[in-house]
Amino acid sequence: MEINFWFARKTMLQKIFLFFLVILTLKAALFCSPFHSKNLQNIKDLIHNREFKKAEILVLDNIQCDYKLSINYVFLSELYFEKQDYAKTRQSLIKALKHTENRKFRALINNKIANAYLAQNEKYLALNILKEAILKNEVNYETFVNCGFIYEELGAYEDATQMYKQAFEINSNEIYINKKLGVLAEVRFDYEEAIKYYKRVLEINKNDSHTSYKLACLYCKTNETDKAVSILLDLHKKIVNSYYSLILGDIYYSKDLFYESAKEYRKFVLHKPDDKFAYLSLYLAFLKLKDKEKIELVKNEIIKKFSNDIKFIEQVKKLENFYLLDNCGT
């Protein structure tokens, strides 16, 4: 999971990095010779095309021409990061910091230093870099997201929430941050707050089926089952997912809608025929309905499919006796 996360984070950071390169290349063009400006643009293009050796030659040439231009060291750090030489990555970025007073650019550089530590799983060192940046007000959205992520990894969920909320203040329309705040609200069992953030996600992207599903689950927990059913039925129309049927079946069962419940459980077992507990739920729904024909049909299916599980078969037979023979199923 951690490797996948950092691959995704790295991709996102590269996009942000390339955006800044465009801006900084244009700014640098105002102060550099035409040849030097062309080099900056070439370096940007080469990094974008992952031609790192050619880019490195041009970066080192630029540093010889102008060792005070901080963007050169950021380019160099990007090359070292790709080579997984994280010590040299940080060294280049520290040099970049020495040659710029621009707070936004310093924020980006500090984030990259932190990420070089995180690439080596040095969470505390990364956190120290980010906390110092916050004290100096050299921050951007990524500063707080990275900080929140580290606190979350360390199990400091309250601190993580505070950092994510700072990021939310900067960009409340970012799906990632709304999802993170929703997840952490769930961890605190604050379902109302989690619902608020998941609803914001769906306002931004109404086609986010995973968030819709999570929202439906939360409505079940807050006893707003009508809202949960509405969401799940809508998802059912768009996506074939057997687990939607399972949850709908549970909701209908809890509302004594046993016929509707049985229909959803039947859909689920068609996709998951080895799930004995789903079969048991289907069986219970028909027992509640006292539909003897369907009871016998499902019981025979269970006996055939799970014949090796003697205890389970015995449990099924006892349920039938309880609901029908003892006449206690109402």
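In the predicted model, a search of the whole structure identifies eight aromatic pairs. One of them joins Phe 81 and Tyr 86 in an edge-to-face arrangement, with 5.3 Å from centre to centre and 65 degrees between the planes. Both Phe 81 and Tyr 86 are buried. Another pair is formed by Tyr 213 and Tyr 244; it is classed as tilted because the ring planes stand at 40 degrees, with the centres 5.6 Å apart. This pair links distant parts of the chain, since Tyr 213 belongs to helix H12 (residues 209–221) and Tyr 244 to helix H14 (residues 242–254), 31 residues apart. The two tyrosines fall into separate accessibility classes: Tyr 213 has a relative accessible area of 25% and is therefore partly exposed, whereas Tyr 244, with a relative accessible area of 4%, is buried.

Ring pairs also link Tyr 279, Phe 306 and Phe 312 into a cluster. Lys 276 lies over the face of Phe 312, at 5.4 Å from the ring centre. Tyr 279 makes a polar contact through its side chain with the side chain of Glu 301, at 3.1 Å. Glu 301 is located in helix H17 (residues 292–305). With a relative accessible area of 19%, Glu 301 counts as buried, because the class is defined by a value under 20%.

Charged side chains were examined next. The structure contains 16 salt bridges. In one of these, Lys 112 is paired with Glu 78, and the closest N and O atoms are 2.9 Å apart. Lys 112 lies in helix H6 (residues 103–118) and Glu 78 in helix H4 (residues 70–82), so that the bridge links distant parts of the chain, 34 residues apart. Both partners are assigned to the interior class: Lys 112 is buried at a relative accessible area of 15%, and Glu 78 is buried at 5% relative accessibility.

A salt bridge also connects the side chains of Lys 214 and Glu 186, with an N to O distance of 3.3 Å. Here too, distant parts of the chain are linked, Lys 214 being in helix H12 and Glu 186 in helix H10, 28 residues apart. Lys 214 is partly exposed, as its relative accessibility is 21%. Helix H12 thus contributes Tyr 213 to the tilted ring pair with Tyr 244 and Lys 214 to the salt bridge with Glu 186.

The side chains of Glu 224 and Lys 227 meet in a salt bridge as well, at 3.0 Å from N to O. Glu 224 has a relative accessible area of 23% and is partly exposed; Lys 227 is likewise partly exposed, at 42% relative accessibility.

On the surface, a nonpolar patch is formed by Tyr 157, Val 183 and Val 187, which together have about 210 Å² of accessible area. Tyr 157 is placed in helix H9 (residues 157–170), while Val 187 is found in helix H10 (residues 175–187). These two residues are 30 residues apart along the chain, and their C-alpha atoms are separated by 8.3 Å. Tyr 157 counts as partly exposed because its relative accessibility is 38%. Val 187 is partly exposed as well, at 36% relative accessibility.

Notes
Residues are numbered from 1 along each chain as its sequence is written. This is a predicted model: local features need pLDDT of at least 70, side-chain atom pairs count only at pLDDT 80 or more; totals for chains, interfaces and linings use all residues. Side-chain values use heavy atoms; hydrogens and water are left out. Patches are made of residues with over 30% relative accessible area and no salt bridge: like charges are joined within 9 Å, nonpolar side chains (Val, Leu, Ile, Met, Phe, Trp, Tyr) within 5 Å. Accessible areas come from the Shrake-Rupley method with a 1.4 Å probe; for residues, only the protein chains shown count as cover. A salt bridge is a side-chain nitrogen of Lys or Arg within 4 Å of a carboxyl oxygen of Asp or Glu. Helices (H or I, at least four residues) and strands (E, at least two) are DSSP runs, numbered from the N terminus. Buried means under 20% relative accessible area, exposed over 50%, partly exposed in between (1.4 Å probe, protein chains only). Rings of Phe, Tyr and Trp (its six-membered ring) pair if their centres lie within 6.5 Å; planes under 30 degrees apart count as stacked, over 60 as edge-to-face and the rest as tilted. A charge sits over a ring if NZ of Lys or CZ of Arg is within 6 Å of the ring centre and within 35 degrees of the ring normal. A polar contact is a pair of N or O atoms within 3.5 Å; within protein, one must be able to donate a hydrogen and the other to accept it, and residues adjacent in sequence count only if both atoms are side-chain atoms.
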